[in-house]
Amino acid sequence: MSIRRTTSALAVLGMTAAAALNVAPSTASAHGRDTEFKRLATFPAYLNSSIGDAAVAEISTVTEDGRTVVYTDSAGKRLGFVDITNPGSPKPKGTLDVGGEPTSVAHLGHLLLAGVNTSASFTDPSGKLLVVDDRSRAIVRSLDLGGQPDSVAVSPDGRYIAVVIENERDEDVDDGAIPQMPAGYLAVVDARAWKVSKVDLTGLAAIAPDDPEPEYVSINSRNEAIVSIQENNHFAVVSLASRKVVRSFPAGAVTVSGVDTKDDDTITLDGTITANREPDGVAWIGDDYFASANEGDYQGGTRGWSIFSRDGKVVWDAGNSLEHIAVEHGLYPDKRSDAKGIEPENVAYARINGTPYIFVNSERGNFTAVYDVSNPRSPRFQQLLPTAAGPEGVVAVPSRGLIVVSSETDDPDNNLRGAVGIYGIGHGQFPSIVSQRDIPWGTLSSLSAVPGTSSRLVSVTDAAYTPTHILNISVKSTPATIDGSLTVTKSGAPVGYDAEGIVARQGGGYWLAVEGSAATPNLLVRLDSRARVQQEIPLPADVAASVTTMGLEGVAEVGSSVYVAVQRPLKTDPQTVTRIGKYDTKSGTWSWLYYPLDTTSVGTVGLSEIVAVDRNTFAVIERDNQRGPQASIKRIYEFDVPATWSGVVTVKKRLVKDVLPRLQSDHGWVPDKIEGLAVAGNGQTYAVTDNDAVDDSTGETVFLRLGKLL
């Protein structure tokens with residue numbers, strides 16, 4: 001992970017960097033806590049069926065009374081229903097089979113309007129608009145749309161329904177290049193006569209004029225639809241009354257500097273991108289402006305979002321600012337750097353408590369960014385809302401001050417499930433830790449107090465990033481702040497370890513506990529105060545031969561003794577215990593203790609940290625490998641070390657704190673890896689989770705202030 005940053009100017013169709021980066025501080029609301037949002041609940045879609053069922057939540061709406069979320073579940077070919085009468089305690093309300101793949105859903109009074117893809121193939125697309133009574137769930141109409149639907153929108157006056165007919169391309173044909181027939185169009189439904197009309201969108205764009213592939217639609221109070229034509233990098237404004245295109249203009253290209261463009265396990269904000277915006281989600285801001293999420297997809301992507309005037313002029317562009325905000329919050333997905341980065345996916349507009357907002361979903365960063373657009377030419381960033389993995393849909397309920405985000409990633413192997421997130425007015429716990437000055441960070445795999453201080457900690461990055469970095473953390477204020485970084489070097493060159501433990505030494509310097517793999521050994525590594533490797537100490541041969549790939553996971557120092565925690569049982573040991581190792585720096589010898597592990601019916605249990613409480617007492621983190629509702633063991637135990645011992649003896653552990661309730665209290669997807677624990681000079685105890693570099697995880701880091709526990 002690199003700490004390099006750039007102040008390169010941003011070129012956005014002639015805009016200045018200052019205009020493009022006009023954002024408010026990200027760690028506090030620009031208006032005060034009464035206009036902030038906090039997470040109230042996360043509802044797994046499988047609760048509407050069973051935990052073994054593949055279930056996603058892609059696009060959602062909320063019924064007219066504001067009490068039921070309705071989401072599309074394409075995997076299950078159904079709509080899902082969630083009772084949010086109490087938004088902090090959502091309840092499953094069942095599903096409705098729709099006879100195909102639902103792609104979008106909206107509501108008109110007590111009617112639900114679901115676009116359903118029934119296509120036999122890419123070359124033979126078909127679909128329907130189902131009209132469902134939201135009280136009885138009876139299907140009252142089914143309208144043939146003549147092609148594969150995507151987005152559905154309802155005009156503010158209820159007169160018209162617009163359905164994007166994408167007729168999407170086959171990405172396995174010519175690497176997804178367009179044109180691929182048949183062409184898409186916009187279907188317009190008169191809600192009085194329930195008659196479907198077709199608006200031709202061919203001939204508008206320069207890239208593939210015969211194959212528009214429209215993506216998303218939003219309708220203003222003039223009954224004008226703004227349609228994103230993503231793969232063609234184009235927009236069309238359609239009069240729904242006349243069923244005619246009244247304006248058509250390209251989305252344009254943008255040059256963005258100061259972004260990461262390489263998938264190299266290093267977040268380095270020094271790259272430049274020049275690409276088409278390729279807009280996905282769109283949303284009107286009043287009648288004269290609209291916002292677009294510039295996902296990219298076919299030819300690139302520009303990592304941000306834009307605001308256009310109705311006549312097609314760019315009045316504001318996020319430039320590199322949204323990716324920098326993601327880095328600051330530890331939510332930047334480095335593995336997507338060579339593709340679309342954070343991948344802005346969707347936008348929604350709402351006026352809540354008098355303030356107009358735009359909500360921007362990042363599909364790969366797993367967050368929703370909130371902006372005040374009181375002045376659409378100068379939006380103000382307000383906060384990030386952490387989401388479940390793969391946020392796709394976002395919708396507001398202004399009457400109740402609620403935001404609903406639906407996330408489509410369903411990956412049972414990684415304990416990630418499709419989910420609906422519910423947010424309301426209030427001050428939440430996120431972010432609990434951020435960085436300053438574009439310092440990139442993630443995978444905080446351990447914590448240590450800094451000797452001689454009362455408010456400073458250090459952490460270390462693991463193998464997800466290279467080279468290894470030691471991060472300096474101030475806990476003086478909330479959120480905690482990463483304000484410095486050291487690169488670990490060996491023989492003058494940066495080095496990458498799978499560092500899973502760190503302790504700052506009394507005399508200066510550090511010890512690292514390095515977890516091995518099938519190809520690399522577990523090591524105890526001594527660094528000087530500038531993070532230069534001074535010594536690498538391997539495990540004894542017999543232990544090294546039987547340790548699994550889940551090896552050293554924490555380190556502590558008392559006098560001339562260095563203690564390490566082994567995450568999982570050795571192959572040759574009873575599988576109910578793991579080991580605590582003691583290395584005598586004077587004699588260069590190892591001795592070992594058994595640590596008895598808790599048991600669980602789901603997953604595995606191991607250690608992820610060790611901290612010296614005093615010369616004879618140590619605290620550890622013991623946890624299972626489960627996330628979300630399946631998580632059950634996230635605990636701090638302490639034990640005493642005998643003054644002397646021979647052989648391998650078993651310690652007696654005492655429960656200090658069950659951390660699971662704290663991890664659940666923010667109502668998110670409980671992380672599996674609580675990996676860092678530290679007791680600062682003021683006696684305060686801190687803990688932190690490892691975010692797995694936003695890869696096969698939600699990416700959210702939770703920094704806990706646990707008070708005086710030890």
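Predicted model: local features only at pLDDT ≥ 70, side-chain atom pairs only at ≥ 80, totals over all residues.
Residues are numbered from 1 along each chain as its sequence is written, and side-chain values use heavy atoms, with hydrogens and water left out. Local features need pLDDT of at least 70 and side-chain atom pairs count only at pLDDT 80 or more, whereas totals for chains, interfaces and linings use all residues.

The largest pocket has a volume of about 1,200 Å³. A pocket here is an open set of points on a 1 Å grid over the protein atoms alone, where a 1.4 Å probe fits and protein stands on both sides within 12 Å along at least five of seven lines; its lining residues have an atom within 4 Å of a point. Grid points are joined across faces, edges and corners, and the volume is the space filled by probe spheres set on the points. Of the 45 residues that line the largest pocket, His107, Val154, Tyr349, Val395 and Ala396 are the closest to its centre. Two or more lining residues come from each of the strands E2 (60–62), E6 (101–108), E10 (149–154), E14 (216–219), E20 (282–285), E24 (344–352) and E28 (391–397); strands (E, at least two residues) and helices (H or I, at least four) are DSSP runs numbered from the N terminus. E24 gives the largest share of the lining, six residues. By type, the lining divides into 24 nonpolar, 17 polar and four charged residues, where Ala, Val, Leu, Ile, Met, Phe, Trp, Tyr, Cys and Pro count as nonpolar, Asp, Glu, Lys and Arg as charged, and the others, Gly among them, as polar.

Strand E20, one of those that contribute to this lining, also belongs to an open sheet of four strands in the order E20-E21-E22-E23, with antiparallel pairing. Two strands pair if DSSP finds at least two bridges between them. The edge strands are E20 and E23 (314–317), each of which pairs on one side only, and neighbouring strands of this sheet are turned by 20° against each other on average, direction ignored; the axes are lines fitted to C-alpha atoms, and angles run from 0 to 180 degrees between N-to-C directions. Within the sheet, E21 (residues 289–293) and E22 (residues 305–309) run antiparallel and are joined by five bridges, with Ser292 opposite Ser306 in E22.

Helix H2 spans residues 321–328, and because eight of its eight residues are buried, it is largely enclosed by the rest of the structure; buried means under 20% relative accessible area with a 1.4 Å probe and protein chains only. Its buried residues include Glu323, His324 and Glu328 as well as Leu322, Ile325 and Val327. Gly330, with a positive phi near 70°, follows H2.

A second open sheet has five strands in the order E42-E43-E44-E45-E49, and its pairing is mixed. Here the edge strands, each pairing on one side only, are E42 (552–558) and E49. Eight bridges pair E44 (residues 577–584) with E45 (residues 589–596) in the antiparallel sense, and Asp584 stands opposite Thr589 in E45. The loop between E48 (634–640) and E49 (649–650) holds Val641, which counts as buried because its relative accessibility is 7%. Not counting residues up to four places away in sequence, Val641 touches Tyr563, Leu593, Asn616 and Phe618, where contact means heavy atoms within 4.5 Å.

Strand E51 (residues 674–679) runs antiparallel to E52, to which five bridges join it, and the two form a hairpin with five residues between them, where Gly683 in the turn has a positive phi of about 85°. In a regular strand the side chains alternate between the two faces of the sheet. In E52, Thr685, Ala687 and Thr689 point one way and Tyr686 and Val688 the other, and all are buried. Because five of the five residues of E52 (residues 685–689) are buried, the strand is largely enclosed by the rest of the structure. E52 also pairs with E53 (residues 703–707), in the antiparallel sense over four bridges. Ala687 is the bridge partner of Leu677 and stands opposite Leu704 in E53. E53 is itself mostly covered, with four of its five residues buried.

How values were computed: Buried < 20%, exposed > 50% of the residue type's maximum accessible area, 1.4 Å probe, protein only.
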